Amino acid sequence: MHIHIGGTRTGRPVKITASRAMTLTKILEEASWRKGMDMIGVIDAHSPEVQEELLDLLERGDAIEQSDGGILFQQTVLILGCEVEIKEEGRGEAHFLVYLPTIKAMQAFTHWLGARCKNVHLSSQRIHATILGLQQCAQHLGGTVIPAHIFTPHKGLYGSCTDSMQEVLDPTLIYAVELGLSANTQMADQISELHSKTFLTNSDAHSLGKIGREYQEIRMAEASFAEWIKALQQKDGRGVVVNYGLTPQLGKYHQTTCQGCQTPLPEDDSPRCPVCGFKRVVRGVAARIGQLADLPKDVHPAHRPPYVEQVPLEFIPGVGPKLLQKLYDAFGTQMDILHRVAEEDLIRVAGEKIANRIVRARSGALNVQAGGAGTYGRIVDG
């Protein structure tokens, strides 16, 4: 539910740091054909040229707008979203995801956004608005706001902006939060004010290959915006059934690390690296959660689903583009390869060593060197 568009079909940039191959149509094809996603959220749908491409898909009949919100493309329902940055006085900046039910609502949001940012064509723009003002706008348009990657040290709600949700926004309008790649359910549930919220595990994909590295299985009557909102609110039997998330140590900000020499550091508040003297020590997500925790580990609300850690194929040593294509040709989607294909079948295509790594990843048996200061963690065993 958090996929970036790198550029429009004319080549105009949208998310500067994302691959230009990430056009709306390419994302929809990758999600439907390669990754097996039933529902995705593209959070750069506010960009006018992206909307033009979407309108063309609708006009040609390649996509169909659903009566209860969302847009159907082949077997995948697209939810329209936008990521914005807000910095209130005396606080650090934080990113928020805005999801809306229809293209008309998103066009209205683009108009609202255009009066509050420098370049409405680009992703993740800082806007001149309060967080409460953003919530009120989304509610008026029939949508919802979800705090993005909440523990990330530079742009997360808890990582950069506040110690408590109620200090900066209306918690009653927040149905869900996005954990980010460096945290899991066990970590986040140590903060009691999050117990009523649905946890989302999203990819924050900047390239086609990263779509689906985190996702969730959701119980809904159908794939639509209205049903998705019910699931976030845990209403009428709807809800997240399983969170599939990156092993947190593989995330870019899991461990406190020096940005200069990349040395992992103790979980303290020292601003200077004791190894190289650099002043850019980046506090890890694990350390930040430790500061905020008011509950012990393994205390979860009754509605909290299982969290299944997964190691995407791109992180597994020995899985390059050619082997990845062979695996797709043999077994279909990455989700099948990661979780369902039998080991003997994997051996037939990938060989015993790599098949063993994929199977061991399912049980968390691979050794991981934790990431930090913007560098992903990595698998270190053979």
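This is a predicted model: local features need pLDDT of at least 70, side-chain atom pairs count only at pLDDT 80 or more; totals for chains, interfaces and linings use all residues.
Residues are numbered from 1 along each chain as its sequence is written, and side-chain values use heavy atoms, with hydrogens and water left out. Local features need pLDDT of at least 70 and side-chain atom pairs count only at pLDDT 80 or more, while totals for chains, interfaces and linings use all residues.

**View 1. Glu49 and Arg12 meet in a salt bridge.** The structure holds 15 salt bridges (a side-chain nitrogen of Lys or Arg within 4 Å of a carboxyl oxygen of Asp or Glu). In this pair the N to O distance is 3.6 Å. Glu49 belongs to helix α2 (residues 48-60) and Arg12 to the segment before α1 (24-34), 37 residues apart; helices (H or I, at least four residues) and strands (E, at least two) are DSSP runs, numbered from the N terminus. Glu49 is buried at a relative accessible area of 17%, whereas Arg12 is partly exposed at 34%. Buried means under 20% relative accessible area, exposed over 50%, and partly exposed in between (1.4 Å probe, protein chains only).

**View 2. Lys155 and Glu93 form a salt bridge between two loops.** The N to O distance is 3.5 Å. Lys155 lies in the loop between β7 (144-147) and α5 (157-161), and Glu93 in the loop between β4 (76-86) and β5 (94-100), so the pair ties together parts that are 62 residues apart in sequence. Lys155 is partly exposed, with a relative accessible area of 26%, and Glu93 is buried at 17%.

**View 3. Asp189 and Arg304 meet in a salt bridge.** Their N to O distance is 3.0 Å. Asp189 sits in the loop between α6 (185-188) and β9 (198-200), and Arg304 in the loop between α8 (285-292) and β14 (307-310); the two are 115 residues apart. Asp189 is buried at 0% relative accessibility, and Arg304 is buried at 10%.

**View 4. Glu85, Glu93, Arg126 and Lys155 belong to one network.** Salt bridges that share partners join these residues.

**View 5. Helix α12 (residues 352-362) has a buried side.** Ile354, Ala355, Arg357, Ile358 and Ala361 are buried. They span an arc of only 155° around the axis, which puts them on the same side of α12; the arc is that of the directions from the helix axis to the C-beta atoms. Glu352 and Lys353, on the other side of α12, are exposed. The buried residues of α12 pack against β14, α9 (321-331), α10 (334-339) and α11 (343-350), with contact meaning heavy atoms within 4.5 Å. Gly364 follows α12 and has a positive phi, near 70°.
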